[in-house]
Structures are given as C-alpha cells and as structure tokens.
Amino acid sequence: MGFSKWVLLLLIPCVLIPRSCLCSSRPGLTPEELAQIPVDFLNLAQKPEIVDYMVSIRRRIHEYPELGFEEFETSKLVRSELDRMGIQYKHPLAVTGVVGYIGTGKPPFVAIRADMDALAMEESVEWEHKSKVPGKMHACGHDGHVAMLLGAAKLLQGHRDELQGTVVLVFQPAEEGGGGAKKMIDDGALENVNAIFGLHLSVKFPIGAVATRPGPIMAACGFFEAAISGKGGHAAIPQHTIDPIVAASNVIISLQHLISREADPLDSQVVTVAKIEGGGAFNVIPDSVTIGGTFRAFSMDNLIQLKQRIEEVIMRQASVQRCNATVSFSVKPFYPVTANDKALHEHFKNVAQDMLGPHKILGMEPLMGSEDFSFYTEVIPGYFYYVGMKDESLGKMEAGHSPHYRLNEDALPYGAALHAALATRYILENQQNQQKLDAAKESSHDEL
C-alpha cells in the first residue's frame, strides 16, 4: 500500500491504521510515491474537520495573547492538545516551551517549529475574536503558527507507526526580541535533531504560494540605548547650559554616516534610532536625553563592527558637545543571521513543488528583519520560509506588527501540510540514503 492510500486513513482511529506501509522491511518508496506524499497531506489538511480544528485553536489563542516567556495559557493549551492526540512531550523548556515527539523515538530526528508569543500593542481590528487582553495582540501571526503546528501534529500522529524516524514538535516562547530559541537550545530542545524547519505567514505573497531563498534570508540584529547628559537650564539663556538635545541630534546624524560612509554599499547594513526621550517643557533645556535603536547586518563580523562604531560615535560626539554619555546594549542576545542550508533548500523545493506546483515557489531577496530561528541554524542545518496569505478579495492586509494586522485563516492548511510533508519526506529520504550506504558497506565487506 503506497503513501497515497494509507495517508487517507489518518482520520480513522489509530488502531485501524495498517502498520505495514512504511515498515523497515519494505523497500524504499518510488519517486512517484514520494511525490504523492505532499499532495496527500495537503488534501488532508484541507478537510473541513482539520481546517475547523486549526481555526478554532488559532482564535482561542488570539483572544488571549501572551508576551514572551509569559505564554502560560498558550503552553497549557498546546499540552492539552498533545495529550488528546497521545503525543509525548517535554515541558517546561525555556519557561513555557514544549517539545513533542512523534514516531519511533529513533533517528533520523527532524524538527518543525512554531513561535507562541504576542506583541505589546492594542488591537484595532474589530471582530468577534478580538484580543480580550488590553495592550496585547497577536499582530505577527504566531497564533496561526501554533495552530498550524498542532494541525501538522494531528496529520502526523495518525500514522506515527509508519514514520521510520522521529518528528520533533518545537513550540517556542519569546521570538519577539526575547531570544526564546536560544533558551530552548540551552534546555535541550535540539537533542539528537538533524535538521529543523520553520515558517512564517506573510501578506506579501499570494495564498497557495511560498517564498524563500538559499543562504542568508534575514539579518543579524542588536539593540542599543544611550543616555546623553549635559546641564539643564532656561531655554532663553542657552549659554549657561550644556544642551544634551543638540548633542543627541549630532549623534543621530553621525550614526547615519556609519552606513552611508563606512559600510560597503553592496553589503546591506542598517542603523536606526527609533527612540528619543528628553525634555518636558518648551522653555527648559533638560539635563539629559535618552536615545535608542537597532542595528542590522548580514554577518556577525559586520554586526560586531557596527556595535563598536556605534559606541565610539555616541561617546565622542557627546564629548564634542561637552556632554557625557553612557551606552548600553541589550542584555538579550544578539540575533545571528538566519541562513538557509543549501541542501535543505533543495529538499524544500522538491517537496513544495510536488505539493503546490513549481509556479507557486517564489524567490525573494534577503530581509533586514531578524528571526530568532537563526539560533537554530547556528547549531544544526535549518530552513525558514514564508507561507503566502494575500488574497485580493479580502482587501488590503497590513503587514505584521500593525494594530490592524489580520490573518487569512485560509492559509493554515498550507502551513500544516508543508510542516508534515517536509518532515516525513526528510525522514524517508534520509532512511533510504542510510539504507543505501549500509548496503554499499555490506557489499564492500563481502567482496573483501
């Protein structure tokens, strides 16, 4: 029985699922059977019962958003759903993280990841399932990411006995600046894992399409803050003051020269001052001003160089204006470059083309945004891609981190099916490669 037949039995209770389909005694699947796996997963993911399940999960999470390392109810919901599916898991990792396991518990191990945290902003979209928590909103689609990973878990668990390896489900906290991925790694989330896949919903690309690229896909990132101190006084007699606002203005202009005059124009880098605080009256020069911002680059060497120059520029420009300055960098870890493994890029293209067709696989330029998925790709081969949810019939859809952000729930089946198909094909193809290597070794030994 090929995959296309037994996968349709997924929704039948597990005791009725045949166990001989992909058992180790069976020869490897044909290319045609492998190509059918993504198609069957998408067909299953689009069934009303699976769609309704993911939509329900997503809306429950959306109504009660939680910030990084505070996802206690979201984590509880994830664990409850895994319990219902009979999936074993570890908890807690990184405070609220959960790692589930489907399959044999033996190699190869492949991970699929979802981030769980929301953003500190008030939702401006009026709808039935609007955030019920003041000042917090799922404005980046992480509620959908959790729903898709649980949907994939449902798809995979139906034939857990057929997996000749282990799928690791990574439900991760604190992607939005908290570096939750690094803490998950420190707590053992990637133990034995050979590769990891992650996704993000995007309003830039049409529904039914995916976008990605090999190599660097998102930038490394750091944050800084500086306090510039002078001597306050009456605005009418500035000669009796040391004006920190003028000093801060010179600092901000000089920081822009790091990009326009020092960075290679062919090597994208960014320095942005996004915060300035100081003063409280029109006729009073304040004692101090605080500025803060972010810096980005596509290599850690460039990021470290930017960090050094940011500190030098702030300190020296403040000194020129007779001010003192202190510079601090975020205690949260710098995010590395998110780089897609080239071998996994070929794997992704093959699986996605079989599922969606080659015309639905879109290329993209690297983004200056950052993702803490990058911590995973520093440790093991990883792959990150975007799932389109743009639909002209829904009108203009705002990008993430907007209080007007809306998620197109019609995209959920695509993400769930890609999760399941990428993991399943990775296991099958690596098992087949291992069997070929073992056969070659045995043949060579016999000749000797």
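Four strands make up an open sheet, in the order β10-β12-β8-β13, and their pairing is antiparallel. The edges belong to β10 (269-277) and β13 (324-329); each has a single partner strand, so one side of each has no neighbour in the sheet. From one strand to the next, the twist averages 20 degrees.

Some ground rules come next. This is a predicted model, in which local features need pLDDT of at least 70 and side-chain atom pairs count only at pLDDT 80 or more, while totals for chains, interfaces and linings use all residues. Residues are numbered from 1 along each chain as its sequence is written, and side-chain values use heavy atoms, with hydrogens and water left out.

Now the terms. Strands (E, at least two residues) and helices (H or I, at least four) are DSSP runs, numbered from the N terminus. Two strands pair if DSSP finds at least two bridges between them. Axes are lines fitted to C-alpha atoms, for helices over the stretch in contact; angles run from 0 to 180 degrees between N-to-C directions. Contact means heavy atoms within 4.5 Å.

Strands β8 (residues 220-229) and β12 (residues 288-297) run antiparallel and are joined by 10 bridges. Opposite Ser229 stands Ser288 in β12. Two helices lie across this sheet. Helix α8 (residues 300-320) lies across β8, β10, β12 and β13, at about 160 degrees to β13.

Next comes the sheet of eight strands. It is open and has mixed pairing, in the order β1-β2-β4-β3-β5-β16-β6-β15. Its edges are β1 and β15 (361-363); each has a single partner strand, so one side of each is left without a neighbour. Neighbouring strands here are turned by 30 degrees against each other on average, direction ignored.

Eight bridges join β5 to strand β16 (residues 382-390), and the two run parallel. Leu201 has Val387 as its bridge partner in β16. Helix α4 (residues 72-85) touches β1, β2 and β4, and its direction makes about 165 degrees with that of β1. Helix α5 touches β2, β3, β4 and β5, at about 145 degrees to β3.

Strands β1 (residues 88-93) and β2 (residues 97-103) run antiparallel, joined by four bridges. Tyr89 has Gly100 as its bridge partner in β2. Three residues lie between the strands, and Ala94 takes a positive phi near 50 degrees. Strand β1 also holds Pro92. The peptide bond joining His91 and Pro92 is cis, with omega about 0 degrees. Most residues other than glycine have a negative phi, and most peptide bonds are trans.

Helix α5 has a helix partner as well. The axes of α3 (residues 48-63) and α5 (residues 142-157) come within 8 Å and cross at roughly 145 degrees. Among the residues that meet are Ile50, Tyr53 and Ile57 in α3, and Val146, Ala147 and Leu150 in α5. The contact residues divide into 10 nonpolar, three polar and three charged. Here Ala, Val, Leu, Ile, Met, Phe, Trp, Tyr, Cys and Pro count as nonpolar, Asp, Glu, Lys and Arg as charged, and the others, Gly among them, as polar.

Finally, the pockets. On a 1 Å grid over the protein atoms alone, a pocket is an open set of points with protein on both sides within 12 Å along at least five of seven lines, and lining residues have an atom within 4 Å of a point. The largest pocket holds about 750 Å³ of space; a volume is the space filled by probe spheres set on the points, which are joined across faces, edges and corners. Its lining has 28 residues, and Cys140, His200, Gly369, Ser370 and His401 lie nearest the centre. The elements that give two or more residues to this lining are β5 (195-206) and β8. Strand β5 gives the most, with six. By type, the lining of the largest pocket has 13 nonpolar, eight polar and seven charged residues. The second largest pocket has a volume of about 230 Å³. Arg58, Trp127, Arg406, Leu407 and Asn408 lie nearest its centre, out of 13 lining residues.

Terms used:
1 Å grid on protein atoms, 1.4 Å probe; cavity = no way out; pocket = protein on both sides within 12 Å on 5 of 7 lines; lining within 4 Å.
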